[in-house]
Amino acid sequence: MSAPAAQPLAGIRVLDFSQIMMGPVATQLLADHGADVLKIERPGSGDIFRQALVDPDGAEHPAFGALNRNKRSMVVDVRSPEGLGLIDDLVAAADVVVNNYRPEVMDRLGLGYERLSGINPRIVYAQGTGFGTGGAYRRKGGQDILAQALTGAMSHKADPGHPTAIYPVSLADYTAGMHMVQGILMALLHRTRTGRGQRVEVSLYDSLLAMQILEATMALMDRDPLNWARMPLVGTFAAADGEVVLVGAFKPNPLRDICEALDLEDLSVDPSFATMAEQAANRPRLQALIAEAIGGFASAEVIERLEAQDVLCAPVRTLDEALQDPHTASMIVEMPRPGRAPLRSVASPVHMPDTPAASHSPPPPLGAGAAAALEEYGIAPERVGALFEAGVLA
C-alpha cells in the first residue's frame, strides 16, 4: 500500500502493536494522512476488537472496521526468538512504534523503548496506558468508563438531582488517541531538528483531566464550580414537535433577546432576573417560563425565531438524524469489501485541501498484506517463507 506522495505523512512507517480503540484510532488518523501503518497482531485472534463483538454476517464487526482502515496486518509470534528478531529488523527501518498495553508489558516482550531505541535511535515510541507509567494506578486495567469515574468526569451533571451516569461515547479513548497523534507528530518534528526520536506517553486518565481543564482550574483556584449545563439560560426544551437546545450566552443581554424571539415580555427588567446572579438563583422559575413559551412553537419556528435574534440554538437530534443531514455527507466514507456490503464510516475530521486524507482501503483481514509489507521493509522473501513455514508468521 503506497500512499500518494502529496500526503503529509507519506514515507512515515508505523509499527502498530495497539488494539481496541485508543491506539487504533490514533494510527488510523496517521494512515488517513499518508503514513504506512503495519498492524502487528497476535497469532490466532489478532486485535481483541476483531472478536469482541459479534456481527450478523460472521466477519469482523464494523466497530473494528471503524478504527482500522488504510492499514496492513501482520500476525507474528513476538515471543519466539525469530519473531522478536523480525520485529528488530522492522524497527530498524521504521519511524514510529505504537502500543497501548499496560506498563511493562512491552518491556517483558523485549519491545520496550530502551531496547528499541538502541536498535534505532530515531524511533518515536508512543505508549498509551489507562493511568500512566507511574503512580498508584499504573498497574490498574485501563478502560474508558473507569477513567470517567476516577477523574471526576462522570460526576458532572446538568442538575444535581440527576443520577450519576456513564457517558456512553468513548470520551477518554478518543481524546487520548488524538493526544497520541499530537505527541507523535511533535516528536517527528523534533526528530527532524535533532536526529533523535523519543518516547511519547499518553493516558486515558490524563486526557480526561485535560478535557476538564476549565472546570479543574476553577476548582484548583477555589472558585465557584463551572458547569455550562447549569447556566440559567442554557438548557434543552420541548417544542411542539421535538426538543431544542438553547445557549443564552456571549451577548450583553441574552435574556432580553430570548424574550423578543419568543414573544415574551422582557424578563430582564424583572428584578428577579436582572443579573446573572439573580437568574441563577431563580433558574427553575426562569426556565419554566422559557419552556412554556417554547412549547407553543414547532421546533423549526423556535430555531428560526432565536437565530433571528442571534441567540445560539439547535435542534436536539439522534445520531441517525445527524448522519442523514446533507451537512454530514462529506464526513461519510464508503469502502468496498469483496463479498460483503461496503463499509460505511466516518472520515478524518482533519481537512487539508492541498493534501486531503485518503480512505482508500477497508480494514485488513488478519495477516493480510504482511508479505508485501515485509518486502518493502527489505526482508528477504526466503526468510519470510521460512518464518511462515515455522509458524512464526501466520
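Figure 1. Leaving aside neighbours within four places in sequence, threonine 129 is in contact (heavy atoms within 4.5 Å) with Met22, Tyr101, Pro103, Val202, Ser203 and Leu204. The residue sits in strand S5, residues 124–129; helices (H or I, at least four residues) and strands (E, at least two) are DSSP runs, numbered from the N terminus. A relative accessible area of 4% makes threonine 129 buried, where buried means under 20% relative accessible area, exposed over 50%, and partly exposed in between, using a 1.4 Å probe and protein chains only. A polar atom of the threonine 129 side chain also lies 2.7 Å from the backbone nitrogen of glycine 132. That pair is a polar contact, meaning N or O atoms within 3.5 Å; within protein, one must be able to donate a hydrogen and the other to accept it, and residues adjacent in sequence count only if both atoms are side-chain atoms. A word on the model: this one is predicted, so local features need pLDDT of at least 70 and side-chain atom pairs count only at pLDDT 80 or more, while totals for chains, interfaces and linings use all residues. Residues are numbered from 1 along each chain as its sequence is written, and side-chain values use heavy atoms, with hydrogens and water left out.

**Figure 2. Helix H9 and its buried face.** H9 covers residues 204–211, and Leu204, Ser207 and Leu208 are buried in it. Look down the axis of H9 and its buried residues fall within an arc of 95°, so they line one face of the helix. The arc is that of the directions from the helix axis to the C-beta atoms. An α-helix has 3.6 residues a turn, so residues three or four places apart point the same way. What do the buried residues of H9 pack against? Their partners are H1, S5, H7, H8 and strand S6 (199–203). Leu204 also turns up in the contact list of threonine 129.

Figure 3. Asparagine 68 is buried at 0% relative accessibility. Its side chain reaches the backbone oxygen of phenylalanine 64 at 3.0 Å. Beyond its neighbours within four places in sequence, asparagine 68 is in contact with Pro24, Gln28, Lys39, Asp47, Pro363 and Pro364. Asparagine 70 is buried too, with a relative accessible area of 0%. Its phi is positive, about 60°, although asparagine 70 is not a glycine.

Figure 4. Aspartate 47 is found between strand S2 (36–41) and helix H2 (49–52), in the loop, and a relative accessible area of 2% counts as buried. With neighbours within four places in sequence left aside, aspartate 47 is in contact with Ser18, Gln19, Ile20, Pro24, Lys39, Glu41, Phe64 and Asn68. From aspartate 47 to arginine 139 is 92 residues in sequence and 21 Å in space, C-alpha to C-alpha. Isoleucine 20, one of those partners, lies in the loop between strand S1 (13–16) and helix H1 (22–32). Isoleucine 20 is partly exposed, at 36% relative accessibility. Here, too, phi is positive, at about 65°, although isoleucine 20 is not a glycine.

Figure 5. Valine 76 lies in the loop between S3 and helix H4 (81–93). Is valine 76 buried or exposed? At 2% relative accessibility, valine 76 counts as buried. Not counting residues up to four places away in sequence, valine 76 touches Ile40, Glu41, Pro43, Gly83, Leu86, Ile87, Val392 and Leu393. Proline 168 is 92 residues from valine 76 in sequence and 34 Å from it in space, C-alpha to C-alpha.

**Figure 6. Isoleucine 166, in the loop between H7 and H8.** Isoleucine 166 is found in the loop joining helix H7 (144–150) to helix H8 (171–194). Its relative accessibility is 46%, so isoleucine 166 counts as partly exposed. Residues up to four places away in sequence aside, isoleucine 166 touches Ile145, Gln148 and Met154. The C-alpha atoms of isoleucine 166 and serine 155, eleven residues apart along the chain, are separated by 9.2 Å.
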